[in-house]
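Hello,

Here is the structure we talked about. Please load it and read the notes below alongside.

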Amino acid sequence: MVRILYVEDNEDNIYMLSARLRRKGYEVIVATDGDQGVARARSDAPALILMDLSLPVLDGWEATRRLKTLPETRDIPVIALSSHAMAGDREAALAAGCDDFDTKPVDFARLLGKIRAQLPKGSMS
């Protein structure tokens, strides 16, 4: 089973997106702030990370920068999620090390396509 780390501080978002991903066959682990997200990525070795950008303790931008400097996490794809998408946010997220960017509320079909595109071929259809 493909493991996804979802770094999000909104309980409703966690519940809704995690449930939908699990129904598609993914294992979902959750961190509720950026610092915890970095720690969970290091300890749980997910195949992919969904990273909210507006997080407590350590925001998603800095959490991604840290993940991309660590040998054990630098190759894990990160998809940034933002509900406050402004012009230039996608480019800023990519510059911080994210591999893709999506907006909230999540369009599940679109996000699923982005997840599948970032996973190694054959890991999940």
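**Two loops with positive phi**

Val 57 sits in the loop that runs between strand 3 and helix 3. Helices (H or I, at least four residues) and strands (E, at least two) are DSSP runs, numbered from the N terminus. Phi of Val 57 is near 70 degrees, a positive value in a residue other than glycine. Val 57 is exposed, at 68% relative accessibility. The cut-offs are under 20% relative accessible area for buried, over 50% for exposed, and partly exposed in between (1.4 Å probe, protein chains only).

Ala 45 is in the loop between helix 2 and strand 3. Its phi is also positive, near 45 degrees. Ala 45 is exposed, with a relative accessible area of 56%.

**How the model was treated**

This is a predicted model: local features need pLDDT of at least 70, side-chain atom pairs count only at pLDDT 80 or more, and totals for chains, interfaces and linings use all residues. Residues are numbered from 1 along each chain as its sequence is written, and side-chain values use heavy atoms, with hydrogens and water left out.

**Helix 2**

Helix 2 covers residues 34-44. At its start, a side-chain oxygen of Asp 33 comes to within 3.0 Å of the backbone nitrogen of Asp 35. That is a polar contact (a pair of N or O atoms within 3.5 Å; within protein, one must be able to donate a hydrogen and the other to accept it, and residues adjacent in sequence count only if both atoms are side-chain atoms). Ala 45 follows the helix.

Which residues of helix 2 are buried? They are Gly 34, Gly 37, Val 38, Ala 41 and Asp 44. Seen down the axis, these residues fall within an arc of 160 degrees, so they line one face of helix 2. The arc is taken over the directions from the helix axis to the C-beta atoms. Their cover includes strand 1 (3-7), strand 2 (27-31), strand 3 (48-52) and helix 3 (60-69). Contact means heavy atoms within 4.5 Å.

**Helix 3**

At the start of helix 3, a side-chain oxygen of Asp 59 reaches to within 3.1 Å of the backbone nitrogen of Trp 61. Gly 60, Ala 63, Thr 64 and Leu 67 are buried in this helix. They cover an arc of only 100 degrees around the axis, which puts them on the same side of helix 3. Helix 2, strand 3 and strand 4 are among what covers them.

**Ala 80**

Ala 80 belongs to strand 4 (residues 78-82). Is it buried or exposed? Ala 80 is buried, at 0% relative accessibility. Beyond its neighbours within four places in sequence, its contacts include Met 51, Leu 53, Ala 93 and Phe 101. The C-alpha atoms of Ala 80 and Thr 64 are separated by 8.9 Å.

**The largest pocket**

The largest pocket has a volume of about 190 Å³. A pocket, on a 1 Å grid over the protein atoms alone, is an open set of points where a 1.4 Å probe fits, with protein on both sides within 12 Å along at least five of seven lines; lining residues have an atom within 4 Å of a point. Volume is the space filled by probe spheres set on the points, and points are joined across faces, edges and corners.

Helix 1 (residues 11-23) gives the largest share of the lining, five residues. Among the lining residues are Tyr 6, Arg 20, Lys 104 and Pro 105. A cis peptide bond joins Lys 104 and Pro 105, with omega about 0 degrees.

Best regards
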